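The entries follow the order in which I looked things up.

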Amino acid sequence: MTKIRHKKVIYIAALLFVLSSAIVSAFHEPMESFIDIGIDLAGILIGIAVTIYMLLILKSFKGTLRKAFYFIMIGIFFQILALTEHILADWGVHIYPLNIDTHHILMIIGIIFFAVAVYNLRKMMAEIE
């Protein structure tokens with residue numbers, strides 16, 4: 001398994017944020033939500049990069065650890081969906097069924113998957129001891 005290089009992760013995150021800012025400025029005229037959309041787009045790009053990295057290292061894991069990483073990836077996916085929904089709302093596209101805020105529901109579902117991943121990691125630690 002390859003080591004995570006903290007400097008590389010920070011550089012990639014900064015690059016994705018700069019790219020997302022350029023993309024937002026190209027497609028979005030009003031400045032009132034420019035920063036908000038830029039941050040959301042950076043979060044989406046970083047989430048996709050982390051998910052791809054996790055898919056690459058997932059092959060080396062087995063058992064409960066692999067299951068925990070699957071749940072983390074699903075949690076990241078729901079966070080990406082929540083950010084995507086937030087960007088669409090900033091652009092004026094509302095997809096709320098029955099006036100329900102789907103952004104927060106998607107975030108809560110993602111957090112639940114993170115909690116299940118933590119439970120699996122705790123279970124793995126109990127198996128080791």
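**Entry: helix 2**

How many residues does helix 2 have, and how far does it reach from its first C-alpha to its last? I found 24 residues and a reach of 35 Å. That is close to the 34 Å expected at 1.5 Å a residue. I keep in mind that this is a predicted model.

Next I asked which residues of helix 2 are buried. My list holds Phe34, Ile37, Gly38, Asp40, Leu41, Ala42, Ile44, Gly47, Thr51, Met54 and Ile57.

**Entry: the overall layout**

I then stepped back to the whole protein. It has four helices and zero strands. Along the sequence the pattern reads α-α-α-α. The protein has 129 residues, and 31% of them count as buried.

**Entry: a patch on the surface**

I returned to helix 2, which covers residues 34–57 and contains Ile48. Is Ile48 buried, partly exposed or exposed? Its relative accessible area is 39%. Buried means under 20% and exposed means over 50%, so Ile48 is partly exposed.

Ile48 belongs to a nonpolar patch on the surface, together with Ile52 and Leu56. I noted about 290 Å² of accessible area for the three together.

**Entry: Leu58**

Where is Leu58 placed? I found Leu58 in the loop between helix 2 and helix 3. Its relative accessibility is 4%. The cut-off for buried is under 20%, so Leu58 counts as buried.

Which residues does Leu58 touch, leaving aside those up to four places away in sequence? I listed Arg66, Phe69, Tyr70 and Met73. I checked one of these partners by distance. Leu58 and Tyr70 are 12 residues apart along the chain, and their C-alpha atoms are separated by 8.4 Å.

**Entry: the largest nonpolar core**

Nonpolar side chains tend to be buried together in soluble globular proteins. With that in mind I looked for the largest nonpolar core, and it has 14 residues. Those with the most contacts inside the core are Met54, Leu58, Phe61, Phe69, Ile72, Ile76 and Ile87. Helix 2 and helix 3 are the elements that give two or more residues to this core. Helix 3 gives the most, with six residues.

Does the span of helix 4 agree or disagree with its number of residues? Helix 4 runs over residues 102–128, which makes 27 residues. At 1.5 Å a residue it should span 39 Å. Its end C-alpha atoms are 39 Å apart, so the two agree.

The buried residues of helix 4 are Thr102, His103, Leu106, Gly110, Ala117, Asn120 and Met124. What do they pack against? Their partner is helix 3, residues 63–90.

**Entry: Thr64**

I ended with a residue of helix 3, Thr64. Thr64 has a relative accessible area of 14%. Buried means under 20%, so Thr64 is buried. Not counting residues up to four places away in sequence, Thr64 touches Asn120, Met124 and Glu127. Asn120 and Met124 were already on my list of buried residues in helix 4.

Terms used:
Residues numbered from 1 in each chain as written. Predicted model: local features only at pLDDT ≥ 70, side-chain atom pairs only at ≥ 80, totals over all residues. Heavy atoms only, no water. Patch = residues over 30% accessible without salt bridge, like charges linked within 9 Å, V, L, I, M, F, W, Y side chains within 5 Å. Areas by Shrake-Rupley, 256 points an atom, 1.4 Å probe, with all protein chains shown as cover. Salt bridge = Lys/Arg side-chain N within 4 Å of Asp/Glu carboxyl O. Buried < 20%, exposed > 50% of the residue type's maximum accessible area, 1.4 Å probe, protein only. Expected span 1.5 Å × (residues − 1). Contact = heavy atoms within 4.5 Å. Core = buried A, V, L, I, M, F, W, Y, C linked by side-chain atoms within 4.5 Å.
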